[in-house]
Amino acid sequence: RIVYVNGAFVPEEDAKISVFDRGFLFADGVYEVSTVLDGRLIDNPGHMARLERSLNELGMGSPVPVAEIPALMEELVARNGVAEGMVYLQVTRGAADRDFAFPKDATPSLVMFTQARSVADTAAARDGIKVISAPDMRWARRDIKTVQLLAPSMMKQKAKDAGADDAWMVEDGFVTEGTSNNAYIVTKAGSIVTRQLSTAILHGITRAAVLKLAREAQLKVEERPFTIAEAQDAAEAFYTSASSFVTPVVEIDGAKVGEGRPGPVAKRLRELYIEAARAEAG
Ligand code: PMP
């Protein structure tokens, strides 16, 4: 596999980053994951806009103007012959002698790699997945997409150990989001409910696209918090992310949601999203 590191496309075994890189020492870095479908990046302008915002929030530069990154991503996709999968990109503040304050003279690093895997047709989309609830122990600026992913990583492992697939994190009694996705329910009255944007959650690019499609399809959308009890009692539940599109959630803390099968709203939104992505990329 070819990866991109600071201006060069190299075999992964030749890629090098300093042990003094602040991404490694302080999780002082931000990232994006964009999906490749039919060999094309989907929803990528949204990911680039969020990257720019994350960088600005942390007072961090990019070694390459963000506007030039999509061409590099496309080149990496082409070099690795990825038809379906992901491009991961990470910008860190760069290498400097270890000190908490931001260094004045560090040059930021940009690394990118691809992952080839099925995204359009997956077992999770067909059968739905199970989640557990867990306290949200992440930091207070979840709107910034930083690489400090230990808390969600621990929650994901807790879910796996419990025989589930993911965790929905709860703060002050309400669901914030999944470990790497935004969380939704469909009420028995047919409303799609997902938490409103704030610093408590990541502003999902797929979330924005799916809510737009839902509204265009005349579905009712409510942006407000919901509890685990409301989700367990809902008609449907699902989550969204770049790499999973729209994925049905059929069980929460051992309780079946609805019939315990993927519901019609989640299925329809998934189809609408894939159709729109293919049309946009095509
Ligand atoms: N929330 C969190 C915490 C995430 O890590 C992700 C995935 N990056 C999402 C939501 C979904 O965001 P997106 O649709 O942009 O992938």
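Which residue is the bridge partner of V5 in β2? That partner is A8, and the pairing belongs to a predicted model, in which local features need pLDDT of at least 70, side-chain atom pairs count only at pLDDT 80 or more, and totals for chains, interfaces and linings use all residues. Residues are numbered from 1 along each chain as its sequence is written. The protein averages a pLDDT of 97, and 99% of the residues score at least 70, where pLDDT is the predictor's confidence in each residue, from 0 to 100. For the complex, the predictor gives an ipTM of 0.99 and a pTM of 0.97.

**The six-stranded sheet**

- Helices (H or I, at least four residues) and strands (E, at least two) are DSSP runs, numbered from the N terminus, and two strands pair if DSSP finds at least two bridges between them.
- Six strands form an open sheet with antiparallel pairing, in the order β2-β1-β6-β5-β3-β4.
- The edges of this sheet are β2 (8–11) and β4 (40–42), each of which pairs on one side only.
- Neighbouring strands of the sheet are turned by 30° against each other on average, direction ignored, with axes taken as lines fitted to C-alpha atoms, for helices over the stretch in contact, and angles running from 0 to 180 degrees between N-to-C directions.
- Helix α2 (residues 44–57) packs on the sheet, where it touches β3, β4 and β5 (85–92), and its direction makes about 180° with that of β3; here two residues are in contact if their C-beta atoms, placed from the backbone, lie within 7 Å.

**Strand β1 and its two partners**

- Strand β1 (residues 2–5) is joined to β2 by four bridges, and the two run antiparallel.
- These two strands form a hairpin with two residues between them, and N6 in the turn has a positive phi of about 40°.
- β1 also pairs with β6 in the antiparallel sense, over two bridges.

**Strand β14 and its surroundings**

- Strand β14 (residues 245–252) is largely enclosed by the rest of the structure, because seven of its eight residues are buried; a residue is buried if 20 or more other C-beta atoms lie within 10 Å of its own, exposed if 12 or fewer, and partly exposed in between, with C-beta atoms placed from the backbone.
- Three bridges join β14 to strand β7 (residues 129–135), which runs parallel to it, and in this pairing I129 stands opposite V249.
- With β13, the pairing of β14 is antiparallel over five bridges; Y239 stands opposite T247 in β14, and the two strands form a hairpin with three residues between them.
- With strand β15 (residues 255–256), β14 is joined by two bridges in an antiparallel arrangement, in which E251 has K256 as its bridge partner.
- The hairpin of β14 and β15 has two residues between the strands, and D253 in this hairpin takes a positive phi near 50°.

**Around the ligand**

- Of the 13 residues around the ligand, L202, G204, I205, T206 and A242 come nearest, where a residue is near a molecule or strand if its C-beta atom, placed from the backbone, lies within 6 Å of it.
- Two or more residues of this shell come from each of α6 and β13 (236–241), and α6 gives the largest share, three residues.
- By class, the shell holds four nonpolar, seven polar and two charged residues; Ala, Val, Leu, Ile, Met, Phe, Trp, Tyr, Cys and Pro count as nonpolar, Asp, Glu, Lys and Arg as charged, and the others, Gly among them, as polar.

**Residues in loops**

- A27 has a positive phi of about 55° although it is not a glycine; A27 sits in the loop between α1 (22–26) and β3 (29–37), and is partly exposed, with 14 other C-beta atoms within 10 Å.
- Q218, also a residue other than glycine, has a positive phi near 65°; Q218 lies in the loop between α6 (205–216) and β12 (221–223), and is exposed, with 6 other C-beta atoms within 10 Å.
- R117 belongs to the loop between β6 (109–116) and α4 (123–127), and is exposed, with 12 other C-beta atoms within 10 Å.
- Leaving aside its neighbours within four places in sequence, R117 is in contact with E84 and G85, while the C-alpha atoms of R117 and A276, 159 residues apart along the chain, are separated by 20 Å.
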